[in-house]
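Subject: Structure handover

Hello,

Here is the structure for you to look through. Please open it first, then read my notes below.

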Amino acid sequence: MPEAGDRVAIRVTVNGKRHEQEIEPRQLLVDYLRETLGLTGTHIGCDTSFCGACTVLLNGASVKSCTVLAVHADQGEVTTVEGLAKDGELHPIQQAFKDHYALQCGYCTPGLLMSTCHLLARNPSPTQREIRKAIAGNCCRCTGYQNVFDAIADAAKRAAADVPPEAERAATSAGER
Amino acid sequence: MHPGRFRYHRAASLEEAATMLQQLGDEARPLAGGQSLVPLMKLRLARPTDLVDLAFVPGLSYVRHERDEVRFGALTRHAEIADSDAAARFPILHDCAAGIGDVQVRNRGTIGGSLAEADPSGDWAPVLLTHATEVRCVGPGGQRTVPLREFILDAYTTALGPGELVREIVMRAPPHASDERIGGAYIAAKRCAQVYATASAAARLTLAGDVCRDAAISLGAVGLTAVDATEAAEALRGRTLGRETIEAAAKAAAAAGDPQPDMRGSAEYKRVLAGALVKRAIEIAARRARGEQVEVSHEYA
């Protein structure tokens, strides 16, 4: 019979790296990522399952990591915002957010990026309505969302055209000159 | 915030979970997707001594659809239901599943957990009440099947006994003659994605031409449990579906609710809202019965 506070062994792959730890069963996934693994890119906003700042992918699906016990990630895979950029290159979704100035203070951005990952993996060419529905669980108190919608639509468009964002930006700025 | 300390038990089967829960006593709770229980534990509104984790029990996540019967495994997540073939066949399931909470909640929350939580504003109960629905349970004493209308007893209260768990939910569409067509719709109005509905309405119709041969209407969030508005259904049955008939049914449905004033709105507002939602749910169910594709989602107002 386990005792209250007894630790539980979990094995979880985070951003491709395997971790084995003994954790308190009451530890939340967001605290496991931030405190145990030091991955502070995932933010705690409201801490009540409302704002979506803590959104990560668990086994490929977006979840609010403040409302998931870390034991539920056992034997699973987690992707956080730290797992998006590769070799110093921003992920196309990150690049689109940057290009469209889809952030101001940036606090909600990791969550919005992960919700966008979830959306575009399932629906590569979302309509405006679908984009709005897809990020209904993410609050941003700065931008008014329009630039976020534009960034997501553009990220989808770029992925469809398979145009590396750098190349497209160079072409656009050349045209402007 | 984090939950208080508890003893953690991982069940390998529902039978094992039922035995554990019975042995651990009243302060032990089962954990499924955790989208209601974890927030309650963080706020210390729930302080279970023990959690029996169902999340690693295999074989409980499925939507099986055969003719007019749909079976849901208790741990099937709302998002999986929204994407299922059954939801394409019965759009009322999509109306409900694709609008619960937000994307992240739908990716974790389960239909069994939602029904067992029995929140008065839960979305599944009004939808499933419009159909013949049974809840198949597993307990320390074995298995039993409970009709949904006998399963939900009161706010946050179900017929589940000590240690008893939901295993499967079975929904049946009514039989219909070759000249009849069926259609259903569910509309929930809420302030924003993350919150429960202020009011919601479900309608299921069997039409022969413009004549309504059979109907079921139910309401959510306007009583301690979902409301089966039998008088509203009676106002439709056997009648030609026109503006006056639909308005009479909506009026009867609104009168069947007993909404409480809270931060989502006054009782009067909720009553009016419920009536308006019933009217639209009937109209959309009728259009769908006639073969029209109508997209419905939870509305934010």
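In chain B, 57% of the 301 residues count as buried. This is a predicted model, so please read every value here as computed from a prediction. The predictor's confidence in chain B is a mean pLDDT of 97. In that chain, 100% of the residues reach 70 or more. For the complex, the predictor gives an ipTM of 0.95 and a pTM of 0.95.

**Chain B**

Chain B has 12 helices and 15 strands. Its radius of gyration is 19 Å, and the globule rule also gives 19 Å for 301 residues, so chain B is as compact as a globular protein of that length. The C-alpha trace spans about 60 × 40 × 30 Å along its principal axes. Now take the contacts in chain B with a separation of 6 or more. Of these, 64% come from residues 24 or more positions apart.

**Chain A**

Chain A holds six helices and five strands. Read from the N terminus, the order is β-β-α-β-β-β-α-α-α-α-α. Of its 177 residues, 45% count as buried. The C-alpha atoms fill a box of roughly 70 × 30 × 25 Å along the principal axes. Is that chain compact or extended for its length? A compact globule of 177 residues would have a radius of gyration near 16 Å, and chain A has 18 Å, which agrees. Among contacts between residues at least 6 apart in the sequence of chain A, 59% join residues at least 24 apart.

**Helix 1 of chain A**

Start with residues 29-36, which form helix 1 of chain A. Which residues are buried there? They are A:Leu29, A:Val30, A:Asp31, A:Tyr32 and A:Leu33. What do the buried residues of this helix pack against? Their partners are strand 1 (8-14), strand 2 (17-23) and strand 3 of chain A. Just after the helix comes A:Gly38, with a positive phi of about 75°.

Where the two domains of chain A touch, 15 residues of domain 1 are in contact with 12 residues of domain 2. On the domain 1 side, strand 3 (55-58) and strand 4 (61-64) of chain A each supply at least two residues. Strand 3 gives the most, with three residues. What kinds of residue make up this side of domain 1? Eight are nonpolar, seven are polar and none is charged.

**Where the chains meet**

Best wishes

Key:
Residues are numbered from 1 along each chain as its sequence is written. Chains are lettered from A and ligands numbered from 1 in the order in which they are written. This is a predicted model: local features need pLDDT of at least 70, side-chain atom pairs count only at pLDDT 80 or more; totals for chains, interfaces and linings use all residues. Helices (H or I, at least four residues) and strands (E, at least two) are DSSP runs, numbered from the N terminus. The radius of gyration is taken over C-alpha atoms; the globule rule is 2.2 Å times the number of residues to the power 0.38. A residue is buried if 20 or more other C-beta atoms lie within 10 Å of its own, exposed if 12 or fewer, and partly exposed in between; C-beta atoms are placed from the backbone. Two residues are in contact if their C-beta atoms, placed from the backbone, lie within 7 Å. Ala, Val, Leu, Ile, Met, Phe, Trp, Tyr, Cys and Pro count as nonpolar, Asp, Glu, Lys and Arg as charged, and the others, Gly among them, as polar. pLDDT is the predictor's confidence in each residue, from 0 to 100.
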